[in-house]
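I opened my notebook to look through this model before doing anything else with it.

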Amino acid sequence: MSLDAPVAGGIEGAAANIDKAAEAHLQHLLPDLDHEARCEEILRRRLKDSRVILEADESIDLLVYLLGKGEERAELLKFKDMVVLIGHTGAGKSTLANYLAGCSFRAVEGDAGDEVFIVVPKSKGGNLDEMTKIGHMDSETFLPEIVSGPGNLIVCDCPGFLDLRGPEISIANAVNIKMSMASAASVRVIAMIDLDSLKAMRGKGVSDLVKICSHLFGSEANIIQHQDSTCICISKVPVDRPAHKVQELLAKRLNSESKIGVLAERPLLFDPMDRAECQGRKGRQECLEMLEGMSGIQEPTKVFQTVLSLWFAQCGCKNHWWRTD
């Protein structure tokens, strides 16, 4: 066509076409808000009832959505020294993450009459507002919660590996944790168990913890190989419970349930309120120095596994989880 040829609709028509093209391009670049709202609605249904049956397209959309969120979170960990907190829900991971961040705590009586620690917000005289929600069961459970530590350390409060919250969330948990570790410059592992689980009959609490660690590292042999990068933290220890008695119980349970009894030699015990009467507990600065002194695993992708089999083993799922009829 000649450069001098008239444009259909004249200059006004050409300008209108350019505006339409620009608008279409911008719409392509903007996030699909309707799609995001739909995924959030599906997520709410899944969180409300892990047994709810989703349609195939809903299940796939939800999984892709969760993995996308995980990829965004993993970007924040690039070139950082990651301290990953693992354990079942309620083991005290969020409490430790807030404690390491420098939050202030107070003790209240729980529903079962036990001692429960809550963060004192800045508005009420605390050092910091809560950095990661304690006892959270909301839509962020599929993402590692990130708390900045001193220097290059980043503490990650990971979702519970043994949570049965539906296949999409369970798979996203596993993949997002692996993605986060792959982004980090190095990884240290804190495996958490509360005292009641440690004391549980037949060693179920310790058995579950060993299972989590073994699936993450690939084997008990790999845990032992990286023992200088791994620590067991025991939470919810009463004030009057001697630290050496807790350590003896940990050693007894680990040696009877696994081959990783070596980890009982240097357990981490802490008191969120740093009470003087809590003998044998490490203060915040001591905890941070201990973490900095641990050897970080430098090539995490060569060590850690994607922990998918835990969910499938527990629910007995062998086929697709979505309905195909």
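What follows is my list of look-ups, from ground rules to core, salt bridges and surface.

**Ground rules.** I am reading a predicted model, in which local features need pLDDT of at least 70, side-chain atom pairs count only at pLDDT 80 or more, and totals for chains, interfaces and linings use all residues. Residues are numbered from 1 along each chain as its sequence is written, and side-chain values use heavy atoms, with hydrogens and water left out.

**Core.** Which of its 39 residues touch the most other members? I found Leu198, Ile232, Ile234, Leu254 and Phe304. Among the elements that give two or more residues to this core are strand E1 (81–86), helix H5 (167–183), helix H7 (204–217) and helix H9 (243–257). H7 supplies the largest share, seven residues. I took helices (H or I, at least four residues) and strands (E, at least two) as DSSP runs, numbered from the N terminus.

**Helix H4.** I use buried for under 20% relative accessible area, exposed for over 50%, and partly exposed for in between (1.4 Å probe, protein chains only). By that rule, nine of the nine residues of H4 (residues 93–101) are buried. Lys93, Asn98 and Tyr99 are among them. Glycine 102 follows H4 and has a positive phi, near 105 degrees.

**Salt bridges.** I counted 12 in the structure, each one a side-chain nitrogen of Lys or Arg within 4 Å of a carboxyl oxygen of Asp or Glu. Which partners does arginine 45 have? One is glutamate 41, with the closest N and O atoms 2.9 Å apart. Arginine 45 is partly exposed at 28%, while glutamate 58 is buried at 14%.

I also looked up arginine 275, which bridges to glutamate 115 with closest N and O atoms 2.9 Å apart. Arginine 275 is in the loop between E8 and H10 and glutamate 115 is in strand E3 (residues 115–120), so the bridge ties together parts 160 residues apart in sequence. Arginine 275 is buried at 16%, whereas glutamate 115 is partly exposed at 37%. Finally, I noted a salt-bridge network that links Arg38, Asp57 and Asp61.

Phenylalanine 79 is not a glycine, yet its phi is positive, near 65 degrees. It sits in the loop between helix H3 (56–75) and E1 and is exposed at 66%. Aspartate 274 also has a positive phi, about 50 degrees, without being a glycine. I placed aspartate 274 in the loop between strand E8 (268–269) and helix H10 (284–293), where it is partly exposed at 45%.

Glutamate 109 belongs to strand E2 (residues 104–109) and is exposed, at 65% relative accessible area.

Conventions: A nonpolar core is a set of buried Ala, Val, Leu, Ile, Met, Phe, Trp, Tyr and Cys residues joined through side-chain atoms within 4.5 Å.
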